[in-house]
Amino acid sequence: EYYEEAGPDYAAWSPQFNMHFGYYAAGMNPFRREAMLERMNAEVFDRMDFDDRPGTILDAGCGLGTPARAAARRFPQAKITGISIVPWQIDRARERAAGDGAERLRFERRDFTATGFADRSFDRIYGIERVCHAAGLAKTDFVTEAARLLKPGGRLLVADGFLKRVHRPLSWPLNRITAMICRCWSLESFAGLSEFHAALHDAGFRDIRFEDWSWRIAPSVLHIPAVTAAFLYKTLRAGDRLTRQRRENLIAPALAPLLGMARWRFAYGLFTAVRA
């Protein structure tokens, strides 16, 4: 319901519907937000260790398919499947796929914790700011399903926000901020950094690594106030109605920098792991 209602508003953040934060690398222009969003996709793909060979890739929580289309361009021999539980996203992803290796792209409405695909169906699985929507601190349902779907030697990549030291009480302000962000973005909770690592290990993954990208995404996070102000101005001027989901989609990113600054309790980064 959240993504059906508020999903179209993501165009204010990214006209191409890159529905995530951006990655800043030295030499980039920090004022070019879309370039940083595209760079996030590229950085994830760089760590796939896939190169130019036939294979299968699963985008877990594909949104409108922008990263999947980028993957189709990056890996011209691969077949890419994008899945989401949101009908609107799948319909739009299919429409937008024309011309971007459409013959190798497919989008299906499926739950990434219970896909219904056969065992060992994929060589690579990635999720960019989507796995946080799975239940629990360890996201065990997602991790278990990913382990089932990956071929031996297959690689899992998850870029997301993670909580640190989850068993220590948060300060009252930080607890309120975290709870509000989770409610507004329809999350039960962010994953716990240690808990997610443990779930990967228990599911049979090896070579588990975490790269902290917290400072890499900071330049894109700084775009939030201006984007929010411009969106509100245009929306109110046009007389459009802001439903609860649309209002909360403005609140969560406004609070996100406050959580991100609590570096001792929060990190944004990339997990990579290999299926044994």
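Visitor: Which residues does E195 touch, leaving out those up to four places away in sequence?
Guide: This is a predicted model. E195 lies in helix 7, residues 193–202. Leaving out residues up to four places away in sequence, E195 touches L137, A138, V166 and H167.

Visitor: Which side chain does the side chain of E195 join in a polar contact of 3.3 Å?
Guide: H167 is among the residues that E195 touches. A polar contact of 3.3 Å links the side chain of E195 to that of H167.

Visitor: Is E195 buried or exposed?
Guide: The relative accessibility of E195 is 18%. Buried means under 20%. E195 therefore counts as buried.

Visitor: How far apart in space are E195 and C62, C-alpha to C-alpha?
Guide: In sequence, E195 and C62 are 133 residues apart. In space, C-alpha to C-alpha, the separation of E195 and C62 is 24 Å.

Visitor: What covers the buried residues of helix 7?
Guide: The buried residues in helix 7 are L193, E195, F196, A199 and L200. Their cover includes helix 5 (140–149). It also includes strand 5 (150–163), strand 6 (191–192), strand 7 (205–212) and strand 8 (266–275).

Visitor: Which residue with a positive phi follows helix 7?
Guide: Helix 7 covers residues 193–202. The phi of the residue in question is near 100°. That residue is G204.

Visitor: At roughly what angle do the axes of helix 6 and helix 10 cross?
Guide: Helix 6 spans residues 172–184, and helix 10 spans residues 244–261. Their axes come within 8 Å. The crossing is left-handed. Its angle is roughly 145°.

Visitor: How many residues of the contact of helix 6 with helix 10 are nonpolar?
Guide: Helix 6 contributes L174, I177, T178, M180, I181, R183 and C184. Helix 10 contributes E248, I251, A252, L255, A256, L258 and L259. Of the residues in this contact, 1 is polar and 2 are charged. The nonpolar count is 11.

Visitor: What is the radius of gyration of the protein?
Guide: The protein has 10 helices and 8 strands. For 276 residues the globule rule gives 19 Å, and the protein comes close to that, so it is as compact as a globular protein of that length. Its radius of gyration is 18 Å.

Visitor: What share of the 276 residues in the protein is buried?
Guide: The C-alpha trace spans about 50 × 45 × 40 Å along its principal axes. Among contacts between residues at least 6 apart in sequence, 79% join residues at least 24 apart. The buried share of the 276 residues is 56%.

Note on methods: Residues numbered from 1 in each chain as written. Predicted model: local features only at pLDDT ≥ 70, side-chain atom pairs only at ≥ 80, totals over all residues. Heavy atoms only, no water. Axes fitted to C-alpha atoms, helices over the stretch in contact; angles between N-to-C directions. Helix = DSSP H or I, 4+ residues; strand = E, 2+ residues; numbered from the N terminus. Left-handed = near helix turned anticlockwise from the far one by under 90°. Contact = heavy atoms within 4.5 Å. Nonpolar A, V, L, I, M, F, W, Y, C, P; charged D, E, K, R; others polar. Buried < 20%, exposed > 50% of the residue type's maximum accessible area, 1.4 Å probe, protein only. Polar contact = N/O pair within 3.5 Å; in protein donor to acceptor, adjacent residues only side chain to side chain. Rg over C-alpha atoms; globule rule 2.2 N^0.38 Å.
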